Amino acid sequence: MQHCHRHNHRRPITAAAANFKLFINDSTMMTTKLLLAFAFCRLIATVGLNMGPTAELPRLGIDGLLSVDPSDVQIASVDFGLMTRNPPLAVLHPASADDVARLIRAATAAAAAEEEGEYGGFTVSARGHGHSINGQTQTGNGVVIEMNGGGRRHRGGGERSSPPQPVVAEREKFVDVWGGELWIDVLKSTLGYGLAPRSWTDYLYLSVGGTLSNGGISGQAFNHGPQISNVHELDVVTGNGEIIKCSNEENPDLFHAVLGGLGQFGIITRARILLEPAPERVRWIRVLYSNFEAFRKDQEWLISLHAKPENEKFDYVEGFVIVDEALINNWRSSFFSPANPVKISSFNNKPDGDVLYCLEITKNYHESASPTVDQEVEALLKELDYIPESVFTTDLAYVDFLDRVHKAELKLRSKGLWDVPHPWLNLFVPKSRIADFDRGIFKGILGNNTSGPILIYPMNKHKWDPRSSAVVPEDDVFYLVALLRSALDNGEPTQSLEYLSDQNHQILAFCAKEGIKVKQYLPHYTTEREWAEHFGDKWPEFQQRKMKFDPRHILATGQRIFPPFTTVNTAVSR
């Protein structure tokens, strides 16, 4: 192994670093940066890597694997958004929290050396399934920790150690899972005990640590709250390299900081998730509205039933906006029969023009209780003011309902429409301004061509713990509006990345001009002023927590909240 030797206050490039620089140049992944070569040299020296004869797969002196394999680097350099590309120095496949902690301690030591005028600082970003949109899990000056896929074989052959498997506590109704575990695998591990998590995301191929670092929302959130409200306990590796167990009772400041904290305070390596008895079946219902006011009132009434007994409320409340007729049949198209497609034009008396609104609701049940489901559903539906002839119903297994978006993914992949840029925009809109948003956006800026589904559904604010880092509007009820668009290079200007990105800016500008105080979910900002405005009253505490748990700004620099390798100035004004 080539070692870095200290000469005065600078570290020269060694053979290992030089080889890495050549790898960067030969793969044309990024321009040559001497600082990156120095950083990798520092990484080798600090962590204690054993370079093999071919220098192909640098290994940590621990159970995990530090890889500079071009395929690993390529995967970590992009995300689902496909709008940014930033290759890391290396990719760590950890086998345990200790692996994560050792890497972060090395990064902390390297940052300290950087502050003394030496080369070698590098940052650390955790990556789950890579479903971020704007490069939030990327780092071009550091190491990406690939939290998912610990059991893969490496190119040298043979097995390597993997992160721990889920452990279900059947009596206590919780499951302990690795932070990189995908929710689909959490579900599979708990169903064997007749249990399942209470709160979900629409797409299950996301990592536990990833959704808990943001919020984790779906149609169950009105009832059970977001996923961050359904966690008992966490193990977190902080930016200081410490492994800390935290909960409401133990180290609560770290617990609440990390939940919704955008990866700024630590990397979640274990989460204890609350479980409930898993239903067997789901009655999945869609009804259509031509009047936004009726749609809004019915959604808000349905979520107000959260404290009612199970037989007097739905288990899931979502909805979507239809300004493009094709979307009602193509989005989650398995719901409707291809032989009998739904057409917007078939519904008369549309006071809101060509815009329709679809309410999506479900009722969970067991086979033994199926006779009563019809009565419970009928009693709730008769209170709603939807278009009478627009009721569409299907019954399916609970697992199939939860995994419904994956089926749509497979169809899009088969058509080459999945791996395309996704200029998504997710907004929390206060209830008091949702009608203004509807008039200005759904009936205004968007026109009749959306390039993807538009979700809209309300949530109850009291289901969100105000102590967490997550930010929501001030109203007691607020809406998620998710514009989940895909950009296509097909010659159609309204489907281009430039057009859709510009439309996102128009939407945000409209909200600012009209005084609609939206909050971005999965936020993307680039200036301190924007972040301070986003966090509002939570910003001073957010800064203080950063100084406490990641004082050198090692973690999640792709979020662009704090510059790397500097300490937080708690006196910064909002």
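Author: Here is a walk through the chain as a whole, then a few residues and helices.

Author: Keep in mind that this is a predicted model, where local features need pLDDT of at least 70, side-chain atom pairs count only at pLDDT 80 or more, and totals for chains, interfaces and linings use all residues. Residues are numbered from 1 along each chain as its sequence is written, and side-chain values use heavy atoms, with hydrogens and water left out.

Reader: Fine. How many helices and strands are there in the protein chain?

Author: The protein chain has 17 helices and 18 strands. Those are DSSP runs, numbered from the N terminus: H or I over at least four residues for helices, E over at least two for strands.

Reader: And what share of the residues counts as buried?

Author: Of the 574 residues in the protein chain, 58% are buried. Buried means under 20% relative accessible area, exposed means over 50%, and partly exposed is in between, with a 1.4 Å probe and protein chains only.

Reader: What about contacts between residues at least 6 apart in sequence?

Author: In the protein chain, 73% of those join residues at least 24 apart. A contact here means heavy atoms within 4.5 Å.

Reader: Let's zoom in. Where does Gln136 lie?

Author: Gln136 is in the loop between β3 (123-127) and β4 (142-146).

Reader: Buried or exposed?

Author: Gln136 counts as buried because its relative accessibility is 9%.

Reader: Which backbone nitrogens does its side chain reach?

Author: The Gln136 side chain gets to the backbone nitrogen of Asn134 at 2.8 Å and to that of Ile133 at 3.5 Å. For a polar contact, the cut-off is a pair of N or O atoms within 3.5 Å; within protein, one must be able to donate a hydrogen and the other to accept it, and residues adjacent in sequence count only if both atoms are side-chain atoms.

Reader: What else is Gln136 in contact with, beyond its neighbours within four places in sequence?

Author: Asp79, Leu522, Pro523, His524, Gly558 and Gln559 are in contact with Gln136.

Reader: New topic: Val258. Where is it found?

Author: Val258 sits in helix α8 (residues 252-258), and it is buried, at 2% relative accessible area. Not counting residues up to four places away in sequence, Val258 touches Leu212, Ser213, Leu234, Val236, Phe265 and Ile268.

Reader: How far is Ala470 from Val258?

Author: Their C-alpha atoms are 9.3 Å apart in space, while Ala470 and Val258 are 212 residues apart in sequence. Ala470 is in the loop between β16 (454-460) and β17 (477-483), and with a relative accessible area of 9% it is buried. Leaving aside neighbours within four places in sequence, the contacts of Ala470 are Asn214, Ile228, Leu259, Gly260, Trp464 and Lys538.

Reader: OK, helix pairs. How do the axes of α14 and α15 cross?

Author: Helix α14 (residues 434-445) and helix α15 (residues 497-514) have axes that come within 11 Å and cross at roughly 155 degrees. Axes are lines fitted to C-alpha atoms, for helices over the stretch in contact, and angles run from 0 to 180 degrees between N-to-C directions. The two helices are therefore roughly antiparallel to each other, a label for angles over 145 degrees, with under 35 being roughly parallel, 65 to 115 roughly perpendicular and the rest oblique.

Reader: Who makes the contact?

Author: From α14 it's Asp436, Phe437, Gly440, Ile441 and Ile445, and from α15 it's Gln503, Gln506, Ile507, Phe510 and Cys511.

Reader: Last one: what do the buried residues of α13 pack against?

Author: They pack against β11 (281-289), β12 (316-322) and α12 (398-402). In helix α13 (residues 404-414), those buried residues are Arg404, Val405, His406, Ala408 and Glu409. Just after α13, Gly416 takes a positive phi of about 70 degrees.
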